Amino acid sequence: MTPDEITKLIFRTALRERAAFDLLYRHTSAKLFGVCLRVLKDRAEAEEALQDVYVKIWTKADRFAATDLSPITWLVAVARNHAIDKLRARKAPAAELDEAQAVADPMPNPESMAEAGSERRRIDACLGELETDRATAVRGAYLNGDSYAELAARFDVPLNTMRTWLRRSLLKLRECLER
């Protein structure tokens, strides 16, 4: 069916001609069902949406304005918009405000932030007791995620020496933190 013929059927539907509406349905329902199914991804819900779409077309056909656009574009827009509305309606409603209090805040509370700050100062002080290159290697390995091989190359020492540096530095840090 040509776009001009579909346009005429829409205009006749606006005049409440049932035969024109029936013909419009027979020639466009497969396409509009495909639109509903693509949006809703559920066959039964798409079939129900299609019925609603044709009720809208019956009641709003007088709003159709013939333009350079294809009349099927208008029909597809009606179907798509209705399917999107159904999709939005089936989403779970937002939780009640009272239920929101039970949701944990991912941000640390002031007390834990103060504790973390205190721990950070202790760790920095203990790192200050290490030799500069050892402290830099520990920061690189455990804070920056540098590999032992990268650190060994950076400090120009054998890999096993870097492992020994890090192991001994961690032992010294533990002793310092236990004081």
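Predicted model: local features only at pLDDT ≥ 70, side-chain atom pairs only at ≥ 80, totals over all residues.
1. The protein chain splits into domain 1, residues 1-90, and domain 2, residues 93-179. Taken over C-alpha atoms, the centres of domain 1 and domain 2 are 62 Å from each other.

2. On the record side, an unreviewed UniProt entry puts "domain: RNA polymerase sigma-70 region" on residues 24-91. In the model, the stretch 24-91 comes out as 81% helix and 0% strand. Its end C-alpha atoms sit 32 Å apart.

3. UniProt, again in an unreviewed entry, also lists "domain: RNA polymerase sigma factor 70 region 4 type" for residues 121-173. That span is 81% helix with 0% strand, and its end C-alpha atoms lie 13 Å apart.

4. Take α7 (residues 132-142) and α8 (residues 148-155) to begin with. Their axes come within 10 Å and cross at roughly 150°. Angles over 145 degrees count as roughly antiparallel, so that is how α7 and α8 run relative to each other. The crossing of α7 past α8 is right-handed. On the α7 side, the contact uses D133, T136, A137, G140, A141 and Y142, while α8 brings Y148, L151 and F155. Sorted by class, this contact of α7 with α8 has six nonpolar, two polar and one charged residues.

5. Next, α7 against α9 (residues 159-178). Here the axes are 9 Å apart and the packing angle is about 95°, so α7 and α9 are roughly perpendicular to each other. From α7 the contact draws on D133, R134, A137, V138, A141 and Y142; from α9 it draws on M162, W165, L166, S169, L170 and L173. Nine of the residues in the contact of α7 with α9 are nonpolar, one is polar and two are charged.

6. That leaves α8 with α9. Their axes come within 9 Å, crossing at roughly 105°, and α8 and α9 are therefore roughly perpendicular to each other. Y148, A149, L151, A152 and F155 of α8 meet L159, M162, R163, W165 and L166 of α9. By class, the contact of α8 with α9 has nine nonpolar residues, no polar ones and one charged.

Methods. Residues numbered from 1 in each chain as written. Heavy atoms only, no water. Axes fitted to C-alpha atoms, helices over the stretch in contact; angles between N-to-C directions. Helix = DSSP H or I, 4+ residues; strand = E, 2+ residues; numbered from the N terminus. Parallel < 35°, antiparallel > 145°, perpendicular 65-115°, else oblique. Left-handed = near helix turned anticlockwise from the far one by under 90°. Contact = heavy atoms within 4.5 Å. Nonpolar A, V, L, I, M, F, W, Y, C, P; charged D, E, K, R; others polar. Domains from an automatic or database assignment. UniProt positions renumbered as here; feature names shortened; annotations may be inferred.
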